[in-house]
Amino acid sequence: MEKRANFGSKIGAILAAAGSAVGLGNIWRFPYETGAHGGAAFILIYLLCILLLGIPVMIAEFSIGRHAKASTGSSYKVLVPGTAWKYLGYWGVLTGFLIFGYYTVVAGWTLEYLFDAGLNGFIGKTPQDFIHDFQAFSENPIRPLIWLFVFMIMTHVIIVKGVQKGIEKFSKIMMPILFILLIVLGFCSISLPNSIEGLKFLFMPDFSKIDGASMLSACGQTFFSLSLGMGCLSTYASYFSRDTKLVKTAFSVGIIDTMVAILAGVIIFPAAISVGIQPDAGPSLIFITLPNVFQQAFSGAPIIAYLFSVMFYVLLALAALTSTISMHEVSTAFIHEQFHFTRGRSASMMTMGSLMVGIIASLSLGVLKNLTIFNMGIFGFLDYLTAKIMLPLGGFFIAIFVGWYWNKQYSYEEITNGGTIMKHFFKVYMFVIKYIAPLGILFVFANGLGFI
Ligand code: PHE
């Protein structure tokens, strides 16, 4: 039998999982969701969701993946053969496939901005110019598709190289660089005039802004940002070694991911308010705000403005890449295990299929604008459906599986590494995964979808 691949080290495992979690979800999606739902109050609910829903479901996914030693698409067939639970695995594969499709569209935008920054294209532009340029670019029928294609190929190549050489090595180098750059940019943003208003927006809660829709968004953002609910981290956990500490890894990933999101907020909001861009500008927010930060914070030193903008888009594209490879891996590993195609062939099938989704999602912002589902364009619909419905629903059933169905002894073995660590925590965890997490998700659904 073919030997199953493994992450080479514990830190490699943590960084690979964190690489999956940290991505456009933190830097692109978190700020615009926060902006649309009123700022600080939304963030508080988000933090609550991370703690009560996100971390427990992550530990559950880790234990499923490592115990089954299979990707999510086949893990339930290994753990509880002959049951309908296998559909939970397929659900994850389908969700990942859809997310990968539209996520790569935005990842492609980062390449366009990198290209533009590299050619020194931001120089001398006003905030109005950036708003106009983004609109023209995202509605263009050709250009975004080229970048979409380039990004898919980059993901594809890394996936074909395999687990340790591709994913792990890559994450190990990129993650720390990303973090340092974000901190530097945070300082730049705070130094802009009037930045205090942005910080207030970010840190002073106004609870009147909270309603069912913002709760659903916070819950969706939790699952999206932590890569949960589709078996992505459970697939990565199948490459963890026996002595990887699941609870510790989950908390590390949760903390890293949250810090990056908050840092992104510290970069975006002071800058947006400083140059007069509304925080609720939607998915275009970082693409119209950031170029201004570079322009204004270093207006006296164009070379620094240039270097920082190039570095930032490199970093954003790389953060997106460590996430796209993790989504891609879910389907590739599944096709490989299920149909016994080579990894290369499995990866090609996934890439080709999701390219179709990506093309439609991208065109839906321009020429296919009038095509709507439930009053949303295709791009918006895919985002809503996957992040706010499919991922939390997947998370709900993962919690039910571990809390109510799966033999508790297996959970115990995984969480305590065979009874050696975290024995007391286990009881707390079981309580949360059995009651709090599923009821929490139901409560959010009931509120957000208008049943209450
Ligand atoms: N967590 C990733 C991000 O924040 C997105 C993602 C979602 C990755 C689902 C994998 C699975 O960008």
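This is a predicted model: local features need pLDDT of at least 70, side-chain atom pairs count only at pLDDT 80 or more; totals for chains, interfaces and linings use all residues.
Residues are numbered from 1 along each chain as its sequence is written. Local features need pLDDT of at least 70, side-chain atom pairs count only at pLDDT 80 or more, totals for chains, interfaces and linings use all residues, and side-chain values use heavy atoms, with hydrogens and water left out.

**Helix α2**

Helices are DSSP runs of H or I with at least four residues, strands are runs of E with at least two, and both are numbered from the N terminus. Helix α2 covers residues 24–36. Its 13 residues should span 18 Å at 1.5 Å a residue, and its end C-alpha atoms are 17 Å apart, which agrees. The expected span is 1.5 Å times one less than the number of residues.

The helix α2 bends by about 35° at Phe30. A proline, Pro31, follows within four residues. The bend at a residue is the angle between axes fitted to the seven residues ending there and the seven starting there.

Of the 13 residues of α2, 12 are buried, so the helix is largely enclosed by the rest of the structure. Buried means under 20% relative accessible area, exposed means over 50%, and partly exposed lies in between (1.4 Å probe, protein chains only). Among the buried residues of α2 are Trp28, Arg29 and Glu33. Just after α2, Gly38 takes a positive phi of about 90°.

**Where α2 meets α12**

Two packed helices are described by the angle between their axes and the distance between the axes. The axes of α2 and α12 (residues 246–274) come within 9 Å and cross at roughly 65°. Axes are lines fitted to C-alpha atoms, for helices over the stretch in contact, and angles run from 0 to 180 degrees between N-to-C directions.

The crossing of α2 and α12 is right-handed. That term applies if the near helix is turned clockwise from the far one by less than a right angle, and left-handed applies if anticlockwise.

On the α2 side, the contact includes Phe30 and Pro31. On the α12 side, it includes Asp257 and Phe269. Contact means heavy atoms within 4.5 Å. The residues of this contact divide into 9 nonpolar, 3 polar and 1 charged. Ala, Val, Leu, Ile, Met, Phe, Trp, Tyr, Cys and Pro count as nonpolar, Asp, Glu, Lys and Arg as charged, and the others, Gly among them, as polar.

**Helix α18**

Helix α18 (residues 423–448) has 26 residues. It reaches 36 Å from its first C-alpha to its last, close to the 38 Å expected at 1.5 Å a residue. A kink of about 40° is centred on Val432. Val432 is itself buried, as are Phe426, Pro438 and Asn447, among others. The buried residues of α18 pack against α3 (40–68), α10, α16 (378–405) and α17 (408–415). Gly450 follows α18, with a positive phi near 85°.

**Single residues**

Thr222 lies in helix α10 (residues 212–225). It touches Tyr46, Cys49, Ile50 and Gly54, not counting residues up to four places away in sequence. Leu178 is found in helix α8 (residues 163–190). With the same exclusion, Leu178 touches Val22, Leu315 and Ala319.

Most residues other than glycine have a negative phi. Ser227 has a positive phi near 60°, and sits in the loop between α10 and α11 (232–237). Asn375 has a positive phi near 65°, and sits in the loop between β1 (372–373) and β2 (376–377).

| Residue | Relative accessibility | Class |
|---|---|---|
| Thr222 | 0% | buried |
| Leu178 | 5% | buried |
| Ser227 | 9% | buried |
| Asn375 | 76% | exposed |
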